[in-house]
Structure formats: C-alpha cells, structure tokens
Amino acid sequence: MKLAELCAFDVVSESMEWPWFAFDASGTRFAYPVSPAEIATQHYDGERPIAGPSFALPTGVFTSELQGFALHRDGGELALVAQVEGRSVLFVCKGGASPTPVDLAALIGESFTARAVAYDRKGERLWISADSNSATVIVLVDAATHAFIGSSPGRAFPLPAVHELHLHPVDDAILLLASCGPEGTFARVVGFAGNAVEAIETSLDNGAVPAGFVGFSGDATRVHLAEADELRTHAWPGLVELSSIELADEFISN
C-alpha cells in the first residue's frame, strides 16, 4: 500500500465529537469544520481536492453544539443535527439564508438525542440516528419536507457512544457504527425497501473490538473495519467476519 499526500488543511472541531468529516453519497465531496461557525467543503476531481462552497452555521449554533452533519451529493446543501437549549434540532443549510430549525422530538422521541445524520444516495431522504439511556433509534425522514417516513428502534449502546452513519453504495440502507470506548464498537444495519424501514440482524449488534474508518469494497458486498492494528473484512449486510490482516507498523489507524 502506497500513501501519497494530496492536500493539507486545518480542521477546527471546537470540542465537537468525532467524526469531523462528512462524505457525500458519491464519495467525491467532503465537508469539515474550519471555524466554530463554518463548515467548508472540497470536491475531489480525480487528481486533487478543489475548494467548494462553505456553509455558515445557523445563528447562535456553533460546532461545539453539533452532533453530526451530512453533505448532499450535489455539494450545495448541508444537513446538521445539533443540541440547542437541551433539544435535538435539525437544520438544512443551502444558499445564504439562515435555515429554519426543525425540532426532532416528534420524530425521535422526547428522551432521545440525535447523534448523526446522513443523506440517502439520491439526496431525497435523511437518516438520523439517536439514543437515550435505555434505547436507540434510526429514523428516515424526507429531506425537503422533514416528513416522517419510518423508524427502527434498537437496544441501548453502552454510553457514551459516538455514532457514525455510513451509506451503502448500492442498497437503500445505512450502517451505524457506535464507538463505545472500552466497551467496543457496536453496529446497526437498517434498510428501506420502499414501504418500510427495517433492521437487519448482524454479527456486530452485540459489539466487537473497538474499530473505525469504514470502507465498502468495490462491489459493495463487503465492509472493511480498521482496528488499532488490524483490518477486518465483513460480509454485507450481516457483517459476518470473512478475513483479517494485521496493519503494518507504519500504518496504524489511530
């Protein structure tokens, strides 16, 4: 494996929990915070990243309050979930106007906190992951109207849990990885068949070795998870382990 630097830039997280990057559905655009009140984007043209539009955070909202953000596949829209005055709020930013906040309590439940958000492959819907002290839930909403489409409840993760949502390249499905510190990494796979949001049982539902840095194989039938010093490959969507390989000393995921 040969690594080459394409570009370098500063990321200003301001106490925001990881992840600090959001890739669009095509995998060619990404967003990241550059100040406590601004999210920048870049577009990879096949040779090097090129600066794209930036998004000012809504008035009174800063990166320290963000739980997660997602970039639309056209690069012109950014969805945010944040904690504002103790409540989970969704914002969809586009253009220069400050977006209208959407209170998520009716969608995720009063006792839940939204932890992550992701657009579907067409950019028409939003997946939102949330948790409480006693349960988790993944909901699917219309990106334009914020109308509820469906939800999938699940067992609670060991807290505190950092949520990451990874969109499958082919299926209308989402992979949630929850990093729960020494308790390990827990997974949820949820799909949308066009009429219902349904959970798919996986071998990682009850946790595994702490891992991060997710990648799908070229044919989208496998999922690669990087641990501190090992790379494991799992089958999609059941996440049964297929193989593993130790990472070289100079390539450690953390």
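Glu-227, Glu-230, Arg-232 and Glu-241 are linked in a network of salt bridges. A salt bridge is taken as a side-chain nitrogen of Lys or Arg within 4 Å of a carboxyl oxygen of Asp or Glu. The model is predicted: local features need pLDDT of at least 70, side-chain atom pairs count only at pLDDT 80 or more, and totals for chains, interfaces and linings use all residues. Residues are numbered from 1 along each chain as its sequence is written, and side-chain values use heavy atoms, with hydrogens and water left out.

Arg-232 is buried, at 17% relative accessible area. Glu-241 is partly exposed, at 40%. The classes are buried for under 20% relative accessible area, exposed for over 50%, and partly exposed in between (1.4 Å probe, protein chains only).

The structure holds 11 salt bridges. Another of them joins Arg-87 to Glu-110, with an N to O distance of 3.3 Å. Arg-87 lies in strand β8 (residues 87–93), while Glu-110 sits in the loop between α1 (105–108) and β10 (113–119), so the pair ties together parts that are 23 residues apart in sequence. Helices (H or I, at least four residues) and strands (E, at least two) are DSSP runs, numbered from the N terminus. Arg-87 is partly exposed, with 33% relative accessibility. Glu-110 is exposed, with a relative accessible area of 62%.

A salt bridge also forms between Arg-48 and Glu-47. Their closest N and O atoms are 3.4 Å apart. Arg-48 is partly exposed at 47% relative accessible area, and Glu-47 is exposed at 55%.

Strand β8 belongs to an open sheet of 4 strands. The order is β6-β7-β8-β9, and the pairing is antiparallel. Two strands pair if DSSP finds at least two bridges between them. The edge strands, β6 (66–71) and β9 (102–103), each pair on one side only. Between β8 and β9, the antiparallel pairing runs over 2 bridges. Leu-90 stands opposite Val-102 of β9.

Strand β1 (residues 22–23) pairs with strand β2 (residues 29–35) in the antiparallel sense, over 2 bridges. Phe-23 has Phe-30 in β2 as its bridge partner. The hairpin of β1 and β2 has 5 residues between the strands. There, Gly-27 takes a positive phi near 75°. Strand β2 in turn pairs with strand β3 (residues 38–44), again in the antiparallel sense, over 6 bridges. Ala-31 has Thr-41 in β3 as its bridge partner. A hairpin of 2 residues joins β2 to β3.

Ser-129 is placed in strand β11 (residues 125–131). Ser-129 is buried, with a relative accessible area of 0%. The side chains of Ser-129 and His-163 are joined by a polar contact of 2.7 Å. A polar contact is a pair of N or O atoms within 3.5 Å; within protein, one must be able to donate a hydrogen and the other to accept it, and residues adjacent in sequence count only if both atoms are side-chain atoms. Not counting residues up to four places away in sequence, Ser-129 touches Thr-113, Ala-114, Arg-115, Ala-116, Val-137, Ile-138, His-163, Leu-165 and Leu-176. Contact here means heavy atoms within 4.5 Å.
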